[in-house]
Amino acid sequence: MKNSEVVFCKDRNIRWMDASVVALGVVFITNEDKLCKLNYQPQLQKIKDITSVWRMCDISLISKIVYLKSLALSKLTYLFSTLPNPSEDFFYKLRKIIENFLWNNKPPKIKYSVLINSIEMGGLKLLDPFSFCNALKISWVKRILEKTPCKWKTLIDDQLSSVGGNIIWKCNYNTKDKCLQKISNKFLRNVLEAWCLFKSVFSKTSSSMNPRDIIWSNSYMQIAGSSFFYKAWFEDGILKLLHFLDKGGRYLIFSEFRNNFDQLQCSYLDYYNELHAIKNTNTFTDRNNNDVVQFITKNSKDIQSCLSFSCSKKC
């Protein structure tokens, strides 16, 4: 905004007014903590008021679950889709409101982890707010990977450039990995964290080497306790473990590696640091992350059920 002293994206010099702005029912402000508080807390109170009214009606458990989906949790759909995730305390309070509504302020008769399961798995398809939030965040992955040119993707590309761009969606990072700390945008970090949780439903680990494993931002391959990404190596076509192996599956020595990538500025020490990290890896994936990416682009409606299943195992 003109004449504003608040710079929202310092690398892009995007100026924003210091006061709050309301658009489509969402309060926008530069302070991320206030952003979540100003938007989520009022909706939490509205959900509490709605459930307090319907609690007085003598309705079945299944009917209550329907009311939660259609009248209460639907109020959070747009916020979950467009804003950073609320705090863990918010999800805790929301879950308490849901349980008090379902069981009339009495101890639960059925475990929450059972209720959120599908009917085929003995549940009642209760909408878990945390899984619902992550499912809506993951829907952004499909939009980001679509080849349709959009101006907003410029900001996404700029944020992901430090971790290899869109290749990050195929990498084996975890939610505690330092590569996520390179992403300054909290919303995008939430999308990456949700994507990591979603991949865990599909991915299984193995002690057998998988040459298709991507080495960049891989939490199983670390140098000095952290995953790594070398932009120059990536731009020269070095991506997977197989680029360090010959046809017989033997690790390349430094001279052989240089012959394969003769344009790369690489020292002996750099190569053997990388090779040491790979050789010390005891965990590999037994499923190509390309399969997960293909699933998200074709079966976006199944995201919620997959995340609910993952959540039920942790409850």
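**Close-up 1: helices α1 and α4 packed together.** In this predicted model, helix α1 (residues 32-54) packs with helix α4 (residues 88-102) at an angle of about 10°, and their axes lie 10 Å apart. That makes α1 roughly parallel to α4 (an angle under 35 degrees). Helices here are DSSP runs (H or I, at least four residues), numbered from the N terminus. Axes are lines fitted to C-alpha atoms over the stretch in contact, with angles from 0 to 180 degrees between N-to-C directions.

**Close-up 2: who touches whom between α1 and α4.** From α1 come Tyr40, Gln41, Leu44, Ile47, Lys48, Thr51 and Trp54, and α4 answers with Phe90, Lys93, Leu94, Ile97 and Phe101 (contact means heavy atoms within 4.5 Å). Sorted by class, that's eight nonpolar, two polar and two charged residues (Ala, Val, Leu, Ile, Met, Phe, Trp, Tyr, Cys and Pro are nonpolar; Asp, Glu, Lys and Arg charged; the others, Gly among them, polar).

**Close-up 3: the lining of the largest cavity.** Here you'll find Ile50, Thr51, Trp54, Tyr67, Leu68, Leu71, Ala72 and Phe101 (on a 1 Å grid over the protein atoms alone, a cavity is a set of points where a 1.4 Å probe fits but cannot get out; lining residues have an atom within 4 Å of a point). The largest share, four residues, comes from α2. By class, the lining has seven nonpolar residues, one polar and no charged.

**Notes.** Residues count from 1 along each chain as its sequence is written, and side-chain values use heavy atoms, without hydrogens or water. Local features need pLDDT of at least 70 and side-chain atom pairs 80 or more, while totals for chains, interfaces and linings use all residues.

Methods:
Helices (H or I, at least four residues) and strands (E, at least two) are DSSP runs, numbered from the N terminus. Angles under 35 degrees count as roughly parallel, over 145 as roughly antiparallel, 65 to 115 as roughly perpendicular and the rest as oblique. On a 1 Å grid over the protein atoms alone, a cavity is a set of points where a 1.4 Å probe fits but cannot get out, and a pocket is an open set with protein on both sides within 12 Å along at least five of seven lines; lining residues have an atom within 4 Å of a point.
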